[in-house]
Amino acid sequence: AIVSQIKGEFSGWQTGTVFRLANGMVWEVSGPTNTFAIQPVTNPNVIIEPAFMGSWLLRIEGYNSTVRVKRKQ
């Protein structure tokens with residue numbers, strides 16, 4: 001698993017959302033997804049875990065929703 005923080009303010013995701021992490025990695029929501037919205041938080045902890053068939057799932061610490069992501073950088 002990859003553990004880091006999203007840099008800056010985070011208020012949710014939708015198709016195409018890009019996540020820039022404190023460790024320099026950049027991830028993007030892959031494929032269509034349900035919109036996830038929360039009150040904005042600053043620098044939330046994020047966990048990215050391997051999933052089925054080489055895919056990855058991202059979740060924000062303290063929330064129960066996940067989203068499939070792909071690494072951009």
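Phenylalanine 19 stands opposite tryptophan 27 in β4. The model is a predicted one. The strands concerned are β3 and β4, which pair in the antiparallel sense over three bridges.

Six strands make up an open sheet, in the order β1-β6-β7-β8-β4-β3, with antiparallel pairing. β1 (2-5) and β3 stand at the edges. Each has a single partner strand, so one side of each is left without a neighbour in the sheet. Direction ignored, neighbouring strands of this sheet are turned by 35° against each other on average.

Follow the sheet through β8. Three bridges join β4 to β8, and these two strands run antiparallel. Here glutamate 28 stands opposite lysine 70 in β8. β8 is also joined to β7, by four bridges, again in an antiparallel run. Within that pairing, leucine 58 stands opposite valine 67 in β8. β7 and β8 form a hairpin with five residues between them. Glycine 62 sits in the turn and has a positive phi of about 95°.

Next comes the core. In soluble globular proteins, nonpolar side chains tend to be buried together. The largest nonpolar core in this model has 17 residues. Which of its members touch the most other members? They are Phe10, Trp13, Phe19, Leu21, Trp27, Ile48 and Leu58. β2, β4, β5 (36-42), β6 (45-50), β7 (56-60) and β8 each supply at least two residues of this core.

Tryptophan 27 deserves a separate look. Leave aside its neighbours within four places in sequence. Tryptophan 27 is then in contact with Ile2, Thr17, Val18, Phe19, Leu21, Ile48, Trp56, Val69, Lys70, Arg71 and Lys72. Several of these contacts lead to the residues that follow.

Take isoleucine 2, which lies in strand β1. Is isoleucine 2 buried or exposed? Its relative accessibility is 17%, so isoleucine 2 counts as buried; the cut-off is under 20%. Beyond four places in sequence, isoleucine 2 is in contact with Asn23, Met25, Trp27, Val46, Ile47, Ile48 and Trp56. Isoleucine 2 and glutamate 49 are 47 residues apart in sequence. In space, they are 6.4 Å apart, C-alpha to C-alpha.

Serine 4 is also found in strand β1. Serine 4 is buried, with a relative accessible area of 11%. Its side chain reaches the backbone nitrogen of asparagine 23 at 3.3 Å. Not counting residues up to four places away in sequence, serine 4 touches Leu21, Ala22, Asn23, Pro44, Asn45 and Val46.

Move on to threonine 17. This residue is found in the loop between β2 (9-13) and β3 (18-20). Threonine 17 counts as buried because its relative accessibility, 18%, is under 20%. The side chain of threonine 17 reaches the backbone nitrogen of glutamine 14 at 2.9 Å. Neighbours within four places in sequence aside, threonine 17 is in contact with Gly12, Trp27, Glu28 and Val29.

Glutamate 28 brings up charge pairing. How many salt bridges does the structure hold? The structure holds one. Glutamate 28 forms this salt bridge with lysine 72, and the closest N and O atoms are 3.5 Å apart. The pair links distant parts of the chain. Glutamate 28 is in strand β4 (residues 26-29), while lysine 72 is in the segment after β8 (66-71). The two are 44 residues apart.

Now look from the lysine end. Between the side chains of lysine 72 and glutamate 28 there is a polar contact, at 3.5 Å. With neighbours within four places in sequence left aside, lysine 72 is in contact with Val26, Trp27 and Glu28. Lysine 72 and arginine 20 are 52 residues apart along the chain, and their C-alpha atoms are separated by 9.7 Å.

Glutamate 28 stands opposite lysine 70 and forms the salt bridge with lysine 72.

Definitions and conventions: Residues numbered from 1 in each chain as written. Predicted model: local features only at pLDDT ≥ 70, side-chain atom pairs only at ≥ 80, totals over all residues. Heavy atoms only, no water. Salt bridge = Lys/Arg side-chain N within 4 Å of Asp/Glu carboxyl O. Buried < 20%, exposed > 50% of the residue type's maximum accessible area, 1.4 Å probe, protein only. Polar contact = N/O pair within 3.5 Å; in protein donor to acceptor, adjacent residues only side chain to side chain. Contact = heavy atoms within 4.5 Å. Core = buried A, V, L, I, M, F, W, Y, C linked by side-chain atoms within 4.5 Å. Pairing = 2+ DSSP bridges. Axes fitted to C-alpha atoms, helices over the stretch in contact; angles between N-to-C directions.
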